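Let's walk through this structure together, one element at a time. Keep the viewer open as you read, so that you can follow each step.

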Amino acid sequence: MNSAVKTLLQEQLQEWDLAAGNYAALETVEVKEAMVDGYTFKVQFNPKRILSSAAKVDPKSIQERKCFLCLAHLPAVQRGIPYTAPSGNGYTILCNPFPIFKQHLTIPAAEHIDQRIAGKMGDMLALAENLTDFLLFYNGPQCGASAPDHFHFQAGNKGFLPIETATEEILANHGTEVGNGIYTLTNSPVHTIVYKSANAAAIEEWFERFFERFQQVAPSEVEPMVNILCWKSNGSFYLVVYPRKAHRPTQFFAEGDANILISPASIDLGGVFITPQEKDFAKLTGDDIKDILQQISVTPDTFNQLIL
Ligand SMILES: [Zn+2]
C-alpha cells in the first residue's frame, strides 16, 4: 500500500495546483531547534497552516460550513484510495493539501460520523500495519481536529518527528516501564505514554481500557482529550498517547506581544511545533514550549491515576 499511496501523492502534485504550491512551499520552511528538559523540539515556520491552527471548531461554525472531508464535497481534482479495515470500517486515503510532512495524508472515514476514537484503535493499528513508511496520528475533537464532525486519521512520512525518529533513544534515556512494554517519559514537559508491542490486539485492548479509565477520571461529554501517534517499525507497533486537559494555551488568546498563535496537537507534542506566523517563530523559546505543554497536558495527579 505504501507505493500506491506515494504514487497518489506524486500524481496529485502534478494535477492539483493548490497542493503543488503548498508542498513546494514546504521545501523552504524555516526550522529551528529548542531543548526542553533534555527533549529535542523543532519549531517550523509554516504560514500555510494558518487555516488549521486558527480553525474555528465550535459547533456553530462547524454546522455552517460544508464538511471538507465528505467525498461529495471534495474538489473535483482530489482523488483517493479506498481502504477497508479488518473491522469493516471504510476509509479514503487522501493527499493533505496543507502539509506539515513532505508526504502528508488525511484518512477520513467513508461516512460522515463524529470524531471519536473509542472502537477505532484497531483501525489505526491496521493502517499502521499497512502504511509502514508512515506514522498515523489522531487528534481528538476538542484538541486539534479541524473537522470534529467527520472521523479521520492523518499520516505523515517517517523520519521527521523526534518521538518517532529517536524513540529507542528517548525510551533508553527517559523511559520508565510501568507495565509490559508500556512506558512513561520521565520529566517530559508533556505527559506521555508509549506502548511498544508486536501484539496489535494487546495494544487495542489496553487502549480501550485506558480510555474508559480516562473518562472516569476526567468525565467529558464528548470524549477525553487525547492526541495519539501510531506506527510500526522492525516488527513492533508503537502507540504514543498524550492525555490532555486543555485545547489551546493562554498565549493563543493573549493580546499584543504575549500572543503566540499556536494550537498544539499530535505533531507539536511529538516534537515539531508549528508556528504559522513569523513573529512567533522568531520569539518562541524552549521555555515557551514547556509552558504551553504544561498548560495543555493533564495534571500529574490525573496522569498518575491514568497509568495505574
Ligand atoms: Zn463529512
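**Starting from an enclosed strand**

Strand β11 (residues 226-233) has eight of its eight residues buried, so it is largely enclosed by the rest of the structure. Buried here means under 20% relative accessible area, exposed means over 50%, and partly exposed is in between, with a 1.4 Å probe and protein chains only. Strands (E, at least two residues) and helices (H or I, at least four) are DSSP runs, numbered from the N terminus. A word on the source: this is a predicted model, in which local features need pLDDT of at least 70 and side-chain atom pairs count only at pLDDT 80 or more, while totals for chains, interfaces and linings use all residues. Residues are numbered from 1 along each chain as its sequence is written, and side-chain values use heavy atoms, with hydrogens and water left out.

Look along β11 and you will see its side chains go two ways. Val 226, Ile 228, Cys 230 and Lys 232 point one way, Asn 227, Leu 229, Trp 231 and Ser 233 point the other way, and all are buried. On to its partners, where two strands pair if DSSP finds at least two bridges between them. β6 and β11 run antiparallel and are joined by four bridges, with Tyr 138 standing opposite Ile 228 in β11. Eight bridges join β11 to β12, again antiparallel, and there Asn 227 has Tyr 242 in β12 as its bridge partner. β11 and β12 form a hairpin with two residues between them, and Asn 234 in that turn has a positive phi of about 45 degrees.

Now step back to the sheet. How many strands form it, and in what order? Ten strands make an open sheet, ordered β3-β4-β5-β7-β6-β11-β12-β10-β9-β8, with antiparallel pairing. At the edges stand β3 and β8 (175-179), each with a single partner strand, so one side of each has no neighbour in the sheet. From one strand to the next, the twist averages 25 degrees. Helix α1 (residues 2-15) packs on the sheet, touching β3, β4 (90-95), β5 and β6 (134-139), and its direction makes about 45 degrees with that of β4. Such angles run from 0 to 180 degrees between N-to-C directions, with axes as lines fitted to C-alpha atoms, for helices over the stretch in contact. Contact means heavy atoms within 4.5 Å.

Strands β10 (residues 193-197) and β12 (residues 236-243) run antiparallel, joined by five bridges, and Ser 197 is opposite Phe 237 in β12. β9 and β10 pair in the antiparallel sense over three bridges, where Tyr 183 has Val 194 in β10 as its bridge partner. In strand β9 (residues 182-185), Ile 182 and Thr 184 point one way, Tyr 183 and Leu 185 point the other way, and all are buried. Four bridges join β8 to β9, which run antiparallel, and Thr 176 stands opposite Thr 184 in β9. β8 and β9 form a hairpin with two residues between them, and Gly 181 in the turn has a positive phi of about 80 degrees.

Next, a loop residue. Ile 117 lies in the loop between β5 and α5, and at 0% relative accessibility Ile 117 is buried. Setting aside neighbours within four places in sequence, Ile 117 is in contact with residues including Tyr 138, Val 226 and Ile 228.

Which residues coordinate the zinc ion? They are Cys 67 (SG), Cys 70 (SG), His 112 (ND1) and His 150 (ND1), at 2.1 to 2.3 Å. Donors are N, O and S atoms within 2.8 Å of the metal (3.2 Å for Na, K and Ca); water is not among the atoms, so sites may look incomplete. The site is tetrahedral, with angles of 101 to 122 degrees among its four donor atoms; for four donors, that label requires all angles between 85 and 135 degrees. Cys 67 lies in the loop between α4 (59-64) and β3 (80-84), and His 112 in the loop between β5 (104-108) and α5 (121-130), so the pair ties together parts that are 45 residues apart in sequence. Cys 67 is buried at 5% relative accessible area, whereas His 112 is partly exposed at 42%.

Conventions:
Tetrahedral: all angles 85-135°; square planar, octahedral: opposite > 155°, others 65-115°.
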